[in-house]
Amino acid sequence: MTTPPALLIAGHGTRDDAGAEAFRDFVRQLGARHPELPVAGGFIELSPPPLGEAVTELVEQGVRRFAAVPLMLVSAGHAKGDIPAALAREKERHPGISYTYGRPLGPHPALLNVLERRLDEALGSAGRTPGDRADVTVLLVGRGSTDPDANAEVHKAARLLWEGRGYAGVETAFVSLAAPDVPSGLDRCVRLGARRIVVLPYFLFTGILPDRVRHQTEGWAAAHPEVEVLSADVIGPEPELLDLVWERYEEAVKGDLRMNCDSCVYRIALPGFEDKVGMPQQPHFHPDDDDHHGHGHHHGAHSHAH
């Protein structure tokens, strides 16, 4: 029987001790869930252990093959460049090892469900029922990046969170490196007519940046007492997150790195679009296609291509 590849979790890193410990504890939980294979985790920057130390830990256990999964919501510079570069360096340091690289977590429906739960918790703390959403505007706050693709991913998450869930709107802001910042995002919500806003941090764990989101939210709310502003919690080490990391691991091991199928309405039952799951798809033809071959979207259970 072939030994399955080990699992290496690559984290961003934080100067916040509680946030770093949350990551390390998450790696331990994954290991406890999957005793059949070695599991290790490390950071790109700011926090111990460094990613290279985690690789060495695996190698010392006899590991020669592993799958690396970036514990990150969006594909920015770390996921696109820093982690692959670090893994290439480790391959030089440890001749004979091989690895596959998974994809970031992204706006997966499982995480959208956790975000929805965080919103319900925030509304519940203010005496609101989960279904009482029609006058609630959500401000989803991402980390922010100099990579426009990464920032666009946060906008995608916001749109998917809005679709079918009954909120008045879901707007987007960033806590660093990108506009709009949190106060500007709140200003925009008000200009769009919001009178009840929940600020939702799009972060996996606690840390300096999520704390900054909350502090900026509280400062803005104090200056605008006419607007009800609530703060929601980060995603946290929920079972859905553990399941999703394992899903990314299995994708990497099998080489099944689907692109945008996570939020495909023909594959996943998204709120308000459940009737589309498994719906047969017909090819469509562009008027300029002389040969009329077009390109079909096959979203069934047995054939799926983007």
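This is a predicted model: local features need pLDDT of at least 70, side-chain atom pairs count only at pLDDT 80 or more; totals for chains, interfaces and linings use all residues.
Trainee: Which residues of α4 are buried, and what covers them?

Mentor: The buried residues of α4 are Pro-109, Ala-110, Leu-111, Leu-112, Val-114, Leu-115, Glu-116, Arg-118, Leu-119, Asp-120, Ala-122 and Leu-123. Their cover includes β5, α5 (148-162), β7, β8 (228-231) and α8.

Trainee: How do you know that the span of α4 is close to the expected one?

Mentor: The helix has 17 residues, and 24 Å separate its first C-alpha from its last. At 1.5 Å a residue, 24 Å is expected, and the span is close to that value. Just after α4, Gly-127 takes a positive phi of about 80 degrees.

Trainee: What makes the contact of Glu-240 with Arg-117 a salt bridge?

Mentor: The side chains of Glu-240 and Arg-117 meet at 3.0 Å, N to O. The cut-off is 4 Å, so the pair counts as a salt bridge. This pair links distant parts of the chain: Glu-240 lies in helix α8 (residues 239-254) and Arg-117 in helix α4 (residues 109-125), 123 residues apart.

Trainee: Why is Arg-117 called partly exposed?

Mentor: Its relative accessibility is 27%. Buried would require under 20% and exposed over 50%, so Arg-117 counts as partly exposed. Arg-117 also belongs to a network of salt bridges that links Arg-117, Arg-118, Glu-121, Glu-238 and Glu-240.

Trainee: What makes Asp-120 and Arg-133 a salt bridge, and where do the two residues lie?

Mentor: Their side chains meet at 3.1 Å, N to O, and the limit is 4 Å, so the pair qualifies. Asp-120 is in helix α4, whereas Arg-133 is in the loop between α4 and β5 (137-142), 13 residues apart.

Trainee: Why is Arg-133 called buried?

Mentor: Arg-133 has a relative accessible area of 9%. Buried means under 20%, so Arg-133 is buried.

Trainee: How do you know that Arg-196 and Asp-135 form a salt bridge, and which parts does the pair tie together?

Mentor: The distance is 2.4 Å, N to O, which meets the requirement of within 4 Å. Arg-196 lies in strand β7 (residues 196-201) and Asp-135 in the loop between α4 and β5, so the bridge ties together parts 61 residues apart in sequence. At 19%, Arg-196 counts as buried because the limit is under 20%. Asp-135, at 35%, counts as partly exposed. The structure holds 25 salt bridges.

Trainee: How many aromatic pairs does a search of the whole structure find?

Mentor: The search finds four aromatic pairs. Phe-26 and Phe-205 form a tilted pair, 5.8 Å centre to centre, with 55 degrees between the planes.

Trainee: Why is the pair of Phe-26 and Phe-205 called tilted?

Mentor: An angle under 30 degrees would count as stacked and one over 60 as edge-to-face; at 55 degrees, the pair is therefore tilted. Phe-26 is in helix α1 (residues 17-33) and Phe-205 in the loop between β7 and α7 (208-223), 179 residues apart. Phe-26, at 0% relative accessibility, is buried, and Phe-205, at 12%, is buried as well.

Trainee: What makes the pair of Phe-66 and Tyr-99 stacked?

Mentor: The planes of Phe-66 and Tyr-99 stand 15 degrees apart, with 5.6 Å centre to centre. Stacked requires under 30 degrees, so this pair is stacked. Phe-66 lies in strand β3 (residues 65-70) and Tyr-99 in strand β4 (residues 98-101), 33 residues apart. Phe-66 is buried at 3%, whereas Tyr-99 is partly exposed at 27%.

Technical notes. Residues are numbered from 1 along each chain as its sequence is written. Side-chain values use heavy atoms; hydrogens and water are left out. Helices (H or I, at least four residues) and strands (E, at least two) are DSSP runs, numbered from the N terminus. Buried means under 20% relative accessible area, exposed over 50%, partly exposed in between (1.4 Å probe, protein chains only). Rings of Phe, Tyr and Trp (its six-membered ring) pair if their centres lie within 6.5 Å; planes under 30 degrees apart count as stacked, over 60 as edge-to-face and the rest as tilted. The expected span of a helix is 1.5 Å times one less than its number of residues. Contact means heavy atoms within 4.5 Å.
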